Amino acid sequence: MAMNWHDLLFMHWEVDPVALRRLIPPGLTMDTFAGRAFVSVVPFRMSGVRPHFVPALPGLSAFPELNVRTYVIAGGVPGIWFFSLDAASRLAVRGARRLFHLPYFDAAMSVEFGEEIRYRSRRTHRGAPDAALEMSYAPTGPVTLATPGSLDQWLTDRMSLYAADDAGRILRADVAHGPWPLQPAQASIERCSMTDWLGLPLSGPPLLHFSRRLDVVAWWRHPA
């Protein structure tokens, strides 16, 4: 799959490693940075979502998305474990749930642009736990690339994602993209209940990184 990610904000909170470990499947090892565990909430927009080498379809290939994720390792390969992926596209939600076994959920979402990006999301998926985000954010400085070995790189530079199928088997899909063009950011969070259903509270101000655009290719899943 090819896709473009736009106006993305990484919001990272440090969390209790013991509480986080209970939420990660046994087939995965929790990944930490100097013993510190993190969960991220990531609002952004998608465009150009399509099979690779196939043109994007108007009205079907662009929509907002909102991810809740943490960091894991399997077979020595670091990657991302998604707790949820909310999207304003019923087709994308059903396709990703079926083909990639990712926990996608329907949501009513809006993105407005001005001096700041105004982002709203409310989960509407039938039978799913409630989750919502209301906030504004904007970049505040120039683009930089993360220093190798830094926390910034560790949090953002992940080229694999993990999922579990209906039998509990761990699957991996790899992605390819250039270095993240990161900017410092500011954010005003009015409501964030994205991890309430996990019993994982997010306290204090998050660590923020903004990225205007990244072009991505994702490969088919395979056993981890």
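Which residue forms a salt bridge with Asp 215? Here are a few friendly notes on that and on the pockets.

1. First, the ground rules. This is a predicted model, in which local features need pLDDT of at least 70 and side-chain atom pairs count only at pLDDT 80 or more, while totals for chains, interfaces and linings use all residues. Residues are numbered from 1 along each chain as its sequence is written, and side-chain values use heavy atoms, with hydrogens and water left out.

2. The partner of Asp 215 is Arg 213, with the closest N and O atoms 2.8 Å apart. A salt bridge here is a side-chain nitrogen of Lys or Arg within 4 Å of a carboxyl oxygen of Asp or Glu, and the count by this rule is 12. Asp 215 is partly exposed at 42% relative accessible area, and Arg 213 is partly exposed at 43% (buried is under 20%, exposed over 50%, partly exposed in between, with a 1.4 Å probe and protein chains only).

3. Arg 94 and Asp 106 also form a salt bridge, their closest N and O atoms being 2.7 Å apart. Arg 94 lies in helix H2 (residues 90-99) and Asp 106 in strand S6 (residues 104-113), so the pair ties together parts 12 residues apart in sequence. Helices (H or I, at least four residues) and strands (E, at least two) are DSSP runs, numbered from the N terminus. Asp 106 is buried, at 6%, whereas Arg 94 is partly exposed, at 37%.

4. Glu 14 meets Arg 36 in a salt bridge at 3.2 Å, N to O. Glu 14 sits in strand S1 (residues 2-15) and Arg 36 in the loop between strand S2 (29-30) and strand S3 (37-50), 22 residues apart.

5. Now the largest pocket, which holds about 850 Å³ of space. A pocket is an open set of points on a 1 Å grid over the protein atoms alone, where a 1.4 Å probe fits, with protein on both sides within 12 Å along at least five of seven lines; lining residues have an atom within 4 Å of a point. Points are joined across faces, edges and corners, and a volume is the space filled by probe spheres set on them. Of the 44 lining residues, Met 1, Met 3, Met 46, Val 49 and Tyr 104 lie nearest the centre.

6. The second largest pocket has a volume of about 150 Å³. Its lining residues include Leu 145, Asp 157, His 177 and Trp 180.
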